[in-house]
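The points are grouped by topic.

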Amino acid sequence: MTYKEATAYLFDSVPMFQNVGGAAYKEGLQNTLALDDHFGNPHRRFKTIHVGGTNGKGSCSHTLAAILQSAGYKVGLYTSPHLTDFRERIRINGEMIPEEEVVSFVTNERAFFEPLRPSFFELTTSLAFKYFSEQAVDIAVIEVGMGGRLDCTNIITPVLSVITNISLDHTQFLGHTLAEIAHEKAGIIKPGIPVIIGETTEETRNVFLNKSLKVNSHIRFAEEENEITSSTEEYGKRIYQTLNYGRLDGELRGLCQEKNAATILASVDELRKSGYDIQPDHIRNGFAHVCSLTGLRGRWQQVASHPTVICDTGHNTGGIGYIAEQLRLFQTGNLHIIIGMVNDKDIRSVLRILPQRACYYFTKANIKRALNENALQQSASEAGLKGTVWPDVKSAFYAAKQAAAEEDLIFIGGSTFVVADFLSLL
């Protein structure tokens, strides 16, 4: 079996949320526990940090991994979804899992796992834990797939739990109010394990506070600590002035990163209290080189100039809110926005917060869950957004590039999968 055949098997033979949505969601941990027992409980052989929340999980997970890597630790990193290569999900010190490890897992273990009928994410999580154990990582940063309480990553007992924020997303599974979603996310708070909360609302703060009190978990609210005294964007970086670490030059840009940075610094402080040797230089290096250290892409990522071309994977009201605010700050030319969404999001709420002063290119990603571009244009028209329809990201981008002047901005987003299709073009 080749790597291409192994990934095709994973993508096509087991339910994958990226492709089929809700049909791939399996409530409960029975399959995860069965797989974990089969492999000898590998998650117990290394330390972990568990990162949940609605938005910012990826940025926080990658930056924490970059900081720990800079401090000399051997760091596993498990995130989702991938953009262009399945192996992006499973890394050690920034290096993707080798192709032969994926092939070996599918070839040697399918006889065991096929009768279980696991989901794609259950299998991928088992592969990650098995690989991190075999490679003897010092610590692994584990990003929650969806929710928390019933997510298959939730078999771990981490040294630290992190919950970035709560926004309305995956409401068909997690609940229709912020409090209900917070309850699911709070499921990763473990007895006696400290937890960092990035952002709260009036609805969510008490959910986290009550859960931490119930399980005797020390809780910290990063937004209340005022570690970051200023945040500006200069020279293609986000510059932070901090109380305890001086100036930090952040490779990740965008307004949302200020909240993420506060969450990361509170998490690092807690790790230092737990005995991890993380010095200010390690923090500075992790912030400054997170993309090169971990392979992170798609977070307010600029890929070209004249015209400026930026993509971002934000895809719900929380993430798009920051993007819309950032786009409105653009003053020098015209905005060209290439947008596609999946069909199970709160599409109208997202469209209502996007800037009307823009030329839109409505399109769709190459996945089954993609919303038809004509339906997206119709909903956008009702929100006062005007533009043209394109059958795929490639044609939409070439149309925008042809129409844009050198001083303009082309933005690509609305869905992780639209960004994935765009980055595949590069």
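This is a predicted model: local features need pLDDT of at least 70, side-chain atom pairs count only at pLDDT 80 or more; totals for chains, interfaces and linings use all residues.

The sheet is open and has eight strands, arranged in the order 4-3-2-5-1-6-7-8 with mixed pairing. Strand 4 (95-96) and strand 8 (219-221) each have a single partner strand, so these two stand at the edges and one side of each has no neighbour in the sheet.

**Strands 7 and 8**

- Strand 7 (residues 195-197) runs parallel to strand 8, and three bridges join the two.

- Helix 9 (residues 205-214) lies across strand 6 (160-163), strand 7 and strand 8, and runs at about 160° to strand 8.
- Helix 10 (residues 256-273) lies across strand 1 (47-52) as well as strands 6, 7 and 8.
- The angle of helix 10 to strand 6 is about 170°.

**Helix 1 against helix 5**

- Helix 1 (residues 3-13) and helix 5 (residues 99-113) have axes that come within 9 Å and cross at roughly 50°.
- The two helices are therefore oblique to each other, and their crossing is left-handed.
- On the helix 1 side, the contact is made by Tyr 3, Ala 6, Thr 7, Tyr 9 and Leu 10.
- Helix 5 meets them with Glu 99, Val 102, Val 103, Val 106, Arg 110 and Phe 113.
- Of the residues in this contact between helix 1 and helix 5, eight are nonpolar, one is polar and two are charged.

How values were computed
Residues are numbered from 1 along each chain as its sequence is written. Side-chain values use heavy atoms; hydrogens and water are left out. Two strands pair if DSSP finds at least two bridges between them. Helices (H or I, at least four residues) and strands (E, at least two) are DSSP runs, numbered from the N terminus. Contact means heavy atoms within 4.5 Å. Axes are lines fitted to C-alpha atoms, for helices over the stretch in contact, and angles run from 0 to 180 degrees between N-to-C directions. Angles under 35 degrees count as roughly parallel, over 145 as roughly antiparallel, 65 to 115 as roughly perpendicular and the rest as oblique. A crossing is left-handed if the near helix is turned anticlockwise from the far one by less than a right angle, and right-handed if clockwise. Ala, Val, Leu, Ile, Met, Phe, Trp, Tyr, Cys and Pro count as nonpolar, Asp, Glu, Lys and Arg as charged, and the others, Gly among them, as polar.
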